[in-house]
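Please look over the model below before reading the points that follow. The note keeps to what can be read from the coordinates and the confidence values.

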Amino acid sequence: MKILELKLPLLALALLSSGCASIGKGITEAILEKQEEEDTRICEIKGEKFGGIKPQLEIANRKMKLLMVHGVGNHLPGYSTQFMEKLAKELDLTVTSRNVKNIRLTDAKGPERPLGNLRINRYLNADRTQEMLFYELTWSEISAKDKEVLSYDNSGEQSFRRAEVNDLLKKFSNDTGPDPIIYLGEKREDILSAFAQSFCWMIQGDWNSLPDDVQQSCSTKNVTPFYNDSYAFVSHSLGSRITIDGLQHLASKLSNGDTANYYTALTNVLKNKEVPIYMMSNQLPMLQLGRSLPEVANQPDAYCNSDGAKYGERILAKTSVIAFSDPNDLLSYAIPHDFVNKYLDSRLCINVTNININVARVYDAFGLGKLANPMDAHIGYDTDERVVAMIAKGIANDQTAPVVNERCHWIQTID
């Protein structure tokens, strides 16, 4: 997907075209190599400090369960492998199960309706005292059928008329652009059902109780043995909207008095939980456009303070949103404080930490201005060592990774 390599500045191209190829190439490479070595990419954290996943792993008899939700574009099961392995390494989880479990998700109300795939990996530390179950949701097959209406535009009949780079960009646009539109239509319920089913499998049991290579709906009847587990989400672009909507959908179900086993179990499990959501290329503000407000908003004190009038009706004790945004990512936005109060459900007790970080390198284009590859800025979060380190070990604590202490600046916010 890294289509554009914006490492040849305009001056170098001019030199090449005028016959000064060797001189232009030498100058360009020397300057770019110098900029590569310096690596002055910003990393600014503003908000409350957070501990990351590591502290939860170190609590005795507690499993860490992490769900990854992808964003726009076609994805295949296993898309998160590089990020998952980097995260496991940062957490010193050096043991993994030989097999990977796959569940073809389906809805109990319509078992003939596929909802994507849930892939589960198991990681442990060397002495088996710490365990992380990594759940990877692949929902893109839900929107794939609808996107076939644009397949003609990717054919040779149309594509040969375009310049090569433009053709690659157009195919990328045809793959990713429709997903937010489709999500706002009738497929939204299917995608949210895929999220709900994935979360249901997360709270249901341990590694040995999870099925493998099945097409099956999750129905939770008794999760008492798993109250002690910790939960977290990692999302990318549209996946952040899906995660928040999935939790708000849960809040709506519970407020309507649904007494089904699944929702009763979730109420009991989540009410005293602090659940972080690590959002890469966060798009919540843009994807809020044209949407109605949540059922419950602007009431954080009533639901989230222990002396609040509706404290007993909260869904989560605290939802920590850690929002990573590259300023050169054209599709990413920081989350302002007012946005949380107005547009996000108060029952989730959301607190936001914004992280302004260059995951794409910024180059000086020979006095013509600075530039960064917007494609790298959108998809580079899950391979950036600082992002992975912060998700693993947080900021402003004794275990914070050296790369974060050395290359990131934290500004604490207070009331």
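1. Basis. This is a predicted model in which local features need pLDDT of at least 70 and side-chain atom pairs count only at pLDDT 80 or more, whereas totals for chains, interfaces and linings use all residues. Residues are numbered from 1 along each chain as its sequence is written, and side-chain values use heavy atoms, with hydrogens and water left out.

2. Confidence. The chain has a mean pLDDT (the predictor's confidence in each residue, from 0 to 100) of 84, and 83% of its residues reach 70 or more. Among the elements of the chain, the lowest mean pLDDT, 44, belongs to helix H1 (residues 10–17), and the highest, 98, to helix H16 (residues 385–393). Helices (H or I, at least four residues) and strands (E, at least two) are DSSP runs, numbered from the N terminus.

3. Overall make-up. The chain contains 17 helices and 14 strands. Of its 415 residues, 49% are buried, where buried means under 20% relative accessible area, exposed over 50%, and partly exposed in between (1.4 Å probe, protein chains only). Among contacts with a separation of 6 or more, 77% are between residues 24 or more positions apart.

4. The largest pocket. Its volume is about 820 Å³. On a 1 Å grid over the protein atoms alone, a pocket is an open set of points where a 1.4 Å probe fits, with protein on both sides within 12 Å along at least five of seven lines; lining residues have an atom within 4 Å of a point. Grid points are joined across faces, edges and corners, and the volume is the space filled by probe spheres set on the points.

5. The lining. Of the 27 residues that line the largest pocket, His337, Ile350, Asn351, Val352 and Asp415 lie nearest its centre. At least two lining residues come from each of helix H13 (300–304), helix H14 (337–343) and strand S11 (350–357), and S11 gives the largest share, four residues. By class the lining has 11 nonpolar, nine polar and seven charged residues; Ala, Val, Leu, Ile, Met, Phe, Trp, Tyr, Cys and Pro count as nonpolar, Asp, Glu, Lys and Arg as charged, and the others, Gly among them, as polar.

6. Pairing around S5. Two strands pair if DSSP finds at least two bridges between them. Strand S5 (residues 110–124) runs antiparallel to strand S3 (residues 95–96), with two bridges; Thr96 has Tyr123 of S5 as its bridge partner. Strand S4 (residues 101–107) pairs with S5 over six bridges, again antiparallel, and Lys101 stands opposite Ile120. Two residues separate S4 and S5 in their hairpin.

7. Helix H16. Eight of the nine residues of H16 are buried, including Arg386 and Lys393.

8. Most residues other than glycine have a negative phi. Ser281 is buried, at 0% relative accessible area. Cys349, likewise not a glycine, has a positive phi of about 50°; its loop joins H14 and S11. Cys349 counts as buried because its relative accessibility is 7%.

9. Ala302. How exposed is Ala302 of helix H13? Its relative accessible area is 22%, so Ala302 is partly exposed. Leaving aside neighbours within four places in sequence, Ala302 contacts Gly308, Ala309, Lys310 and Tyr311. The C-alpha atoms of Ala302 and Glu313, 11 residues apart along the chain, are separated by 9.4 Å.

Conventions
Contact means heavy atoms within 4.5 Å.
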